[in-house]
Amino acid sequence: MPALLVCAAPWLGGCQATDAIVDYFGPHADPTLTSLAHDASADAHALQELDAASLRAQHADELYSEIERLCGRDEEGHVPRSCEVNREGEAHEATDAAAVLAAASSSTEEQLDAVSPESRPLLVAQAIAMEARSTDEPGAVPELTEDDADLATELLDWEYQQVYALDFARSYVTPDVEELVDERLALHENRVLALQEAVAKIGPVPQPAAAYTSYSGELPVDAASARAFLDDVAHSDTVTWASAASQEVPNQAAPNAEWRSWLISVAAQSHRISAA
């Protein structure tokens, strides 16, 4: 093969020929990640006078780093020439940060199946971070398929645990925190009802256990530990829903995009609560 290449390109010197071979046969930047990185860079530039600029700049850095991670590095720590990408996105103007983030989040979700499974959690995390800037709440649970049943029932059981944990913590919090706990309880109880209704259409609905243990190994024993427990519960909830949105359903012919979008919306809702 090298002899054929030399014959086909006799005008190339030794170093040039080597570079050409590396460029042709070496690893290349993932086109979807590159496109999303360019979009993030362009958004960061367009929003430079607004708070959302730092978020999109962070997304761009994360995506370029993911491109380099997938490409690998040589013994000297350099990214292969074939993987080098221009980091400038196509310039555009923007004055409405919410609209930019909404469009970017939708675009990111649409590309989830175009990247490798190992890159999907990054894109999901970015979509969640952008949606968390919105005040929109998740809508109704979309129609589920039998392939979605296992994950849906796991999440329903998770919500049972959340309700139990918050109800337990309420016994120890100070009066000024009770309203916060009640708000979160109402939110999780609404999720329970929504998931129960959705799961009932495709199979049996699991019922809550009489009691649950804490995933951290400890339950609150006083007001101080109860307040810290509430923060742990909120953080764990965000992680759980983000992980669910990143999952790939085995043997599923085609992903249920509406279901995954709903999972991302719930994770964004949890992210807002955790960050509050």
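Is Cys 71 buried or exposed? In this predicted model, where local features need pLDDT of at least 70, side-chain atom pairs count only at pLDDT 80 or more, and totals for chains, interfaces and linings use all residues, Cys 71 is buried, with a relative accessible area of 13%. Residues are numbered from 1 along each chain as its sequence is written, and side-chain values use heavy atoms, with hydrogens and water left out. Buried here denotes under 20% relative accessible area and exposed over 50%, with partly exposed in between (1.4 Å probe, protein chains only).

The structure holds one disulfide, a term applied to a pair of cysteine sulfur atoms within 2.5 Å. Its partners are Cys 71 and Cys 83, whose sulfur atoms lie 1.7 Å apart, and the link is left-handed, with -75° about the S-S bond. The pair connects distant parts of the chain, 12 residues apart, with Cys 71 in helix H4 and Cys 83 in the loop between H4 and helix H5 (97-110); helices (H or I, at least four residues) and strands (E, at least two) are DSSP runs numbered from the N terminus. Cys 83 is likewise buried, at a relative accessible area of 3%.

A nonpolar core is taken as a set of buried Ala, Val, Leu, Ile, Met, Phe, Trp, Tyr and Cys residues joined through side-chain atoms within 4.5 Å. The largest such core comprises 56 residues, of which Leu 63, Leu 123, Leu 155, Trp 241, Trp 259, Trp 262 and Leu 263 touch the most other members. At least two residues of this core are supplied by each of several helices, including H3 (31-46), H4 (52-71), H7 (149-170) and H10, and the largest share, 10 residues, comes from H7. Apart from this core lies another, of 12 residues, among them Ala 46, Leu 47, Leu 55 and Val 100. Leaving aside neighbours within four places in sequence, Trp 262 is in contact (heavy atoms within 4.5 Å) with residues including Pro 138, Val 141, Leu 195 and Trp 241.

Ser 270, found in helix H10 (residues 257-275), counts as buried because its relative accessibility is 1%. Its side chain makes polar contacts (pairs of N or O atoms within 3.5 Å; within protein, one able to donate a hydrogen and the other to accept it, and residues adjacent in sequence counting only if both atoms are side-chain atoms) with the side chain of Arg 191, at 2.9 Å, and with that of Asp 237, at 2.5 Å.

Lys 201, in the loop between H8 and H9, is exposed, with a relative accessible area of 66%. Lys 201 and Glu 146 are 55 residues apart in sequence, and their C-alpha atoms are 9.6 Å apart in space.
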